[in-house]
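This report describes selected local features of one protein chain. The sequence and the structure are shown first, and the description follows.

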Amino acid sequence: MITLAAAKRPAAVAADQLLMPLWADVTEVHPEVENLTTLWLRFKDPKLQKEYSFEPGQFNMLYLPGYGEAAISICSDKEQRDTIGHTVRFVGNVTRAVSRLKKGDVVGLRGPFGTHWPIENLEGNDIILAAGGIGLPPLRPVIYHILRNRAKYGKVTLLYGARTPADLLYTSQFEEWRKGDIDVKITVDRADETWKGQVGVVSMLFYNFRLDQAKTAVMTCGPEIMMRFVVYEALARRVPTDKIFVSLERNMKCGQGSCGHCQLGPFFVCKDGPVFPYPRVERLMKAREA
Ligand SMILES: Cc1cc2nc3c(=O)[nH]c(=O)nc-3n(C[C@H](O)[C@H](O)[C@H](O)COP(=O)(O)OP(=O)(O)OC[C@H]3O[C@@H](n4cnc5c(N)ncnc54)[C@H](O)[C@@H]3O)c2cc1C
């Protein structure tokens with residue numbers, strides 16, 4: 001079984017300081033699609049910025065004074081050390097306040113938290129990344145890692161879907177990813193008059209290609225119903241269960257397994273997840289939600 005390495009902590013932050021937000025400047029606000037922005041941040045303390053490191057799939061708690069905190073995945077390249085990216089969808093109290101941020105504003109950050117995609121353990125495999133909607137940002141650092149280390153992986157396929165063509169994230173990067181030998185397959189739930197591509201759910205993209213079950217690993221992030229169907233299609237093609245990884249989302253507060261807000265069965269999603277090998281959460285993902 002492929003195990004998840006312990007999450008890395010930024011060397012500059014002691015473990016007992018992880019409840020204290022550290023201040024970061026907003027260096028750029030990049031609107032992606034309606035109601036979604038990528039926020040680029042740099043710690044005010046240059047030493048901390050230099051020493052801050054994360055692994056693909058980890059998240060930070062983003063703190064806006066007066067509004068609160070929200071867990072947001074890191075969507076940038078871990079080798080790009082001068083700035084940290086978060087793509088945020090405006091859904092509630094904190095994230096709507098994020099929508100009003102401008103370059104030069106200051107926010108608090110705690111992290112990085114959680115487990116990560118085991119990309120280094122999966123070298124030599126064909127990789128399928130399956131993302132729905134806002135599930136793509138936590139997988140983007142994996143894409144950057146693979147592009148930098150392309151020879152270490154076999155066939156790499158990104159299966160990505162959004163509700164409409166206008167909701168697709170990072171479209172300007174697809175060409176670059178394809179040039180880097182990643183097969184980018186896109187689908188939308190509802191087409192518009194401009195759309196010439198596939199219409200349907202992400203899991204349907206499995207019907208468009210063959211995979212080699214003996215050496216394929218799957219990493220998936222998105223709505224839980226989508227991940228369930230992705231897992232179903234992967235298992236139907238005999239991908240071993242211990243080579244399937246899911247990223248789960250639960251409402252969380254402390255980010256480090258103290259408060260219990262994100263408890264899922266025996267796990268705290270913030271600490272034991274968000275990335276889980278599928279066999280660890282199979283029973284919980286199958287349980288009907290209350
Ligand atoms: C590990 C992890 C990583 C995450 N990464 C990201 C990320 O990269 N980008 C991002 O935008 N969000 C991400 N989220 C989700 C984000 O933490 C929540 O959306 C957060 O609750 C927003 O805080 P808020 O105060 O704005 O909204 P809240 O006040 O918490 O919620 C307001 C309303 O929105 C609803 N709501 C909350 N979250 C969602 C949702 N995801 N979809 C639909 N409705 C929702 C709530 O049910 C509530 O009715 C992540 C969550 C986790 C656990």
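Helix H5 is followed by Arg 238, whose phi is positive, near 65°. The model is a predicted one, in which local features require pLDDT of at least 70 and side-chain atom pairs count only at pLDDT 80 or more, while totals for chains, interfaces and linings use all residues. Residues are numbered from 1 along each chain as its sequence is written, and side-chain values use heavy atoms, with hydrogens and water left out.

**Helix H5 and its surroundings**

Helices (H or I, at least four residues) and strands (E, at least two) are DSSP runs, numbered from the N terminus. H5 covers residues 224-236, and its 13 residues reach 18 Å from the first C-alpha to the last. This is close to the expected 18 Å at 1.5 Å a residue, the expected span being 1.5 Å times one less than the number of residues. Residues are classed as buried (under 20% relative accessible area), exposed (over 50%) or partly exposed (in between), with a 1.4 Å probe and protein chains only. The buried residues of H5 are Glu 224, Met 226, Met 227, Val 230, Val 231, Glu 233 and Ala 234. Their cover includes strands S7 (126-132), S11 (216-221) and S12 (244-247), together with helix H7 (278-286), where contact means heavy atoms within 4.5 Å.

**Salt bridges**

Side chains of opposite charge can pair when their charged atoms come close. The structure holds 15 salt bridges, each defined as a side-chain nitrogen of Lys or Arg within 4 Å of a carboxyl oxygen of Asp or Glu. Three of them are listed below.

| Salt bridge | N to O distance |
|---|---|
| Glu 120 and Lys 78 | 3.7 Å |
| Asp 183 and Lys 185 | 3.1 Å |
| Glu 224 and Arg 250 | 2.9 Å |

Glu 120 forms its salt bridge with Lys 78. Glu 120 lies in the loop between strand S6 (106-113) and S7, and Lys 78 in the loop between strand S4 (68-73) and strand S5 (84-89), so the pair ties together parts 42 residues apart in sequence. Glu 120 is partly exposed at 44% relative accessibility, whereas Lys 78 is buried at 15%. Both residues also belong to a network of salt bridges that links Glu 55, Lys 78 and Glu 120.

In the pair of Asp 183 and Lys 185, Asp 183 is partly exposed at 31% relative accessibility and Lys 185 is buried, with a relative accessible area of 17%.

The side chains of Glu 224 and Arg 250 also meet in a salt bridge. This pair links distant parts of the chain, 26 residues apart: Glu 224 is in helix H5, and Arg 250 is in the loop between S12 and strand S13 (263-264). Glu 224 is buried, with a relative accessible area of 14%, and Arg 250 is partly exposed at 24% relative accessibility.

Tyr 52 is placed in the loop between helix H1 (46-51) and strand S3 (59-64). Tyr 52 counts as buried at 4% relative accessibility, and its side chain is joined to that of Asn 60 by a polar contact of 2.9 Å. A polar contact is a pair of N or O atoms within 3.5 Å; within protein, one must be able to donate a hydrogen and the other to accept it, and residues adjacent in sequence count only if both atoms are side-chain atoms.

On the surface, Val 201, Met 204 and Tyr 207 form a nonpolar patch with about 300 Å² of accessible area together. Patches are made of residues with over 30% relative accessible area and no salt bridge, with like charges joined within 9 Å and nonpolar side chains (Val, Leu, Ile, Met, Phe, Trp, Tyr) within 5 Å; accessible areas come from the Shrake-Rupley method with a 1.4 Å probe, and for residues only the protein chains shown count as cover. Met 204 lies in the loop between strand S10 (198-199) and S11 and is partly exposed at 33% relative accessibility.
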